[in-house]
Each structure stands twice: as C-alpha cells, then as structure tokens.
Amino acid sequence: PRSGEKRQYRKINEAEALVVRGIFDKARGGWEVNTITRDLNAQGILSKTGKKWHRKSVLELLKNPAYMGTTLYGRTKTTLKARGQRDLQYRNPDDVLEVEGFTPPIISEDTYNVVQRHLNRPRRSGHPHAVYMLSGMSRCGECGSTLTGQKMGRNERYRYYACRHVNNYR
C-alpha cells in the first residue's frame, strides 16, 4: 500500500472457488485439460466472463499459483499494438515479486504441485511410427472423418485403417 492507504487483500468468492477446486480435483485425478473443458461446458458451468470454457483458459487457471495463495506481481507485461490490440509477454522470473499474505489459498500446495507435474509430463509426439499410404485420403463411411492407420497388437505385419469415432472395427 501507498503511504496512508489501508492494506488490501483478495477475498474468496465461494461460488467460483467451488468451480476452481473441482477443476484442480479433476486435473489431480489425471483428467486431461480438453476433457475438463468439455465437462465444464457439458454441465453448463460458465467461465468468470460468462462464456463457455476454452482449453487455454482452463490451462492458464491450472498454471496460476494464486490459487494456492502465492501472489506474483509483474509476471506479465502488456504493450499496446496497432488498432487497440494488446500484446502479452511474460517477464524474466528474476524480475517478478512475490507479495506475501495478499491472496488466501483455495487449494493446497500439494494439489498444485501434483497438477503441475501432471501438466509437465512428457507426451506422445503425435507422429505415427509407421507409414500408412492412405493416411489423410480415406474417410469413414458412417461419420465422414479421416481414417487412421492402426496395427494389430505389436505385430507390424497386420495393418488396417480405423475410424476414431466409430468403434465397429475393433
């Protein structure tokens, strides 16, 4: 606070805190960010802005240390661009200040750390290990989505194409 001003604190909005705790509980239980986002939207739970949830907003929420009571000041820098657009940049972690006692915790530090390990674990590359000649060219007769190349078990000899949405090939 500036001289003569009363010290300020954040207050917890219990309705929003309930949603935040639910998101962290699901992430701690191994749910992927996309699954959490779809679940929130399917339940009709709106974001703080009153809109549907987006994957990026759920991910930013899960990465925000303020929910465990840690307030960081100066973490981002916003600059104005042409036509009133803004550019958000993350600052060097050495330039960020931690403000003690400003934010009450909603989740435990242990829950936050488990979720961060879950978010930072290695992922598959998304690239196939084998070449499938018809990849991207063949479509499912039922739903119209692209068929993906599969192999039967560990056997490289038996390959086939399957739809990810229609399970009649397995």
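This report describes the nonpolar core, the helix contacts and several individual residues of a predicted model.

Residues are numbered from 1 along each chain as its sequence is written, and side-chain values use heavy atoms, with hydrogens and water left out. Because the model is predicted, local features need pLDDT of at least 70 and side-chain atom pairs count only at pLDDT 80 or more, whereas totals for chains, interfaces and linings use all residues.

**Nonpolar core**

The largest nonpolar core has 19 residues. Such a core is a set of buried Ala, Val, Leu, Ile, Met, Phe, Trp, Tyr and Cys residues joined through side-chain atoms within 4.5 Å. Buried means under 20% relative accessible area, exposed means over 50%, and partly exposed lies in between (1.4 Å probe, protein chains only). Ile23, Phe24, Val58, Leu61 and Leu62 have the most contacts inside this core. At least two core residues are supplied by each of α1 (14–28), α2 (33–42), α3 (55–63) and α4 (109–120). The largest share, 5 residues, comes from α1. Helices (H or I, at least four residues) and strands (E, at least two) are DSSP runs, numbered from the N terminus. In soluble globular proteins, nonpolar side chains tend to be buried together.

Val58 touches Ile23, Val33, Ile36, Thr37, Leu40 and Trp53, leaving aside residues up to four places away in sequence. Contact here means heavy atoms within 4.5 Å.

**Helix packing**

Two packed helices are described by the angle between their axes and the distance between the axes. Axes are lines fitted to C-alpha atoms, for helices over the stretch in contact, and angles run from 0 to 180 degrees between N-to-C directions. Angles under 35 degrees count as roughly parallel, over 145 as roughly antiparallel, 65 to 115 as roughly perpendicular and the rest as oblique.

| Helix pair | Angle between axes | Axis distance |
|---|---|---|
| α1 and α2 | roughly 140° | within 10 Å |
| α2 and α3 | about 115° | 9 Å |
| α3 and α4 | roughly 130° | within 9 Å |

The crossing of α1 over α2 is right-handed; a crossing is left-handed if the near helix is turned anticlockwise from the far one by less than a right angle, and right-handed if clockwise. Val19, Ile23, Lys26 and Ala27 of α1 make this contact with Ile36, Asp39 and Leu40 of α2. The residues of the contact divide into 5 nonpolar, no polar and 2 charged. In this grouping, Ala, Val, Leu, Ile, Met, Phe, Trp, Tyr, Cys and Pro count as nonpolar, Asp, Glu, Lys and Arg as charged, and the others, Gly among them, as polar.

The angle of about 115° between α2 and α3 makes these helices roughly perpendicular to each other. α2 passes α3 in a right-handed crossing. From α2, Val33, Asn34, Ile36, Thr37 and Leu40 meet Arg55, Val58, Leu59 and Leu62 of α3. This contact comprises 6 nonpolar, 2 polar and 1 charged residues.

For α3 and α4, the crossing at roughly 130° makes α3 oblique to α4. Leu59, Leu62 and Lys63 in α3 meet Tyr112, Val115, Gln116 and Leu119 in α4. Here the residues of the contact divide into 5 nonpolar, 1 polar and 1 charged.

**Individual residues in the helices**

Thr37 lies in helix α2 and is buried, at 7% relative accessibility. Apart from neighbours within four places in sequence, Thr37 is in contact with Trp53, His54, Arg55 and Val58.

Thr111 has its place in helix α4. With a relative accessible area of 11%, Thr111 is buried, and it touches Phe24 and Arg28, not counting residues up to four places away in sequence.

Glu109, also found in helix α4, counts as exposed at 52% relative accessibility. Glu109 and Arg154 are 45 residues apart in sequence and 41 Å apart in space, C-alpha to C-alpha.

**Individual residues in the loops**

Arg83 lies in the loop between β2 (76–80) and β3 (86–90). Its relative accessibility of 84% counts as exposed. Although Arg83 is not a glycine, it has a positive phi of about 60°.

Thr146 lies in the loop between α4 and β5 (148–151). Thr146 is partly exposed, with a relative accessible area of 25%. Its contacts, not counting residues up to four places away in sequence, are Gly136, Ser138, Arg139 and Arg164. Between Thr146 and Ala162 there are 16 residues in sequence and 8.7 Å in space, C-alpha to C-alpha.
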